[in-house]
Amino acid sequence: MPKLKPTEAEKQNKQLLANIDRQRRLYDVSVDDLAIGARVTDRTIYNRIKDPDSFSLKELRGIARKLHTTVGGLLGEVPL
């Protein structure tokens, strides 16, 4: 079966995860620190990374704060 073209949502999720990872490496922030910023367990963060559609706005705000950016920056809407 041929590969399907990725949907817009899949592209956005991939960009979100790439931006989180880039900022995390830039500021040397661990996944555990992201969990603390989002006020969830580290297991929840790993589950969110597997399924980015499940991130809540509250979690994204906490992650953005920990990574010294905005939610729009994580989503790729504004330059980091």
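Me: Which residues of helix α4 are buried?

Reply: In this predicted model, where local features need pLDDT of at least 70, side-chain atom pairs count only at pLDDT 80 or more, and totals for chains, interfaces and linings use all residues, helix α4 spans residues 57–66, and its buried residues are Glu59, Leu60, Gly62, Ile63 and Ala64. Buried means under 20% relative accessible area, exposed over 50% and partly exposed in between, with a 1.4 Å probe and protein chains only, while helices (H or I, at least four residues) and strands (E, at least two) are DSSP runs numbered from the N terminus. Residues are numbered from 1 along each chain as its sequence is written, and side-chain values use heavy atoms, with hydrogens and water left out.

Me: What covers the buried residues of α4?

Reply: The cover includes α1 (8–26), α2 (31–38), α3 (42–50) and α5 (71–75). Contact means heavy atoms within 4.5 Å, and isoleucine 63, leaving aside residues up to four places away in sequence, touches Ile20, Leu34, Ala38, Ile45, Phe55 and Leu74.

Me: Which residues touch the most other members of the largest nonpolar core?

Reply: A nonpolar core is a set of buried Ala, Val, Leu, Ile, Met, Phe, Trp, Tyr and Cys residues joined through side-chain atoms within 4.5 Å. Here the largest one has 15 residues, of which Ile20, Ile63, Leu67 and Leu74 touch the most other members. Two or more residues of this core come from each of α1, α2, α4 and α5, and α2 gives the largest share, 4 residues.

Me: How many helices and strands does the protein chain have?

Reply: The protein chain has 5 helices and 0 strands, and buried residues make up 31% of its 80 residues.
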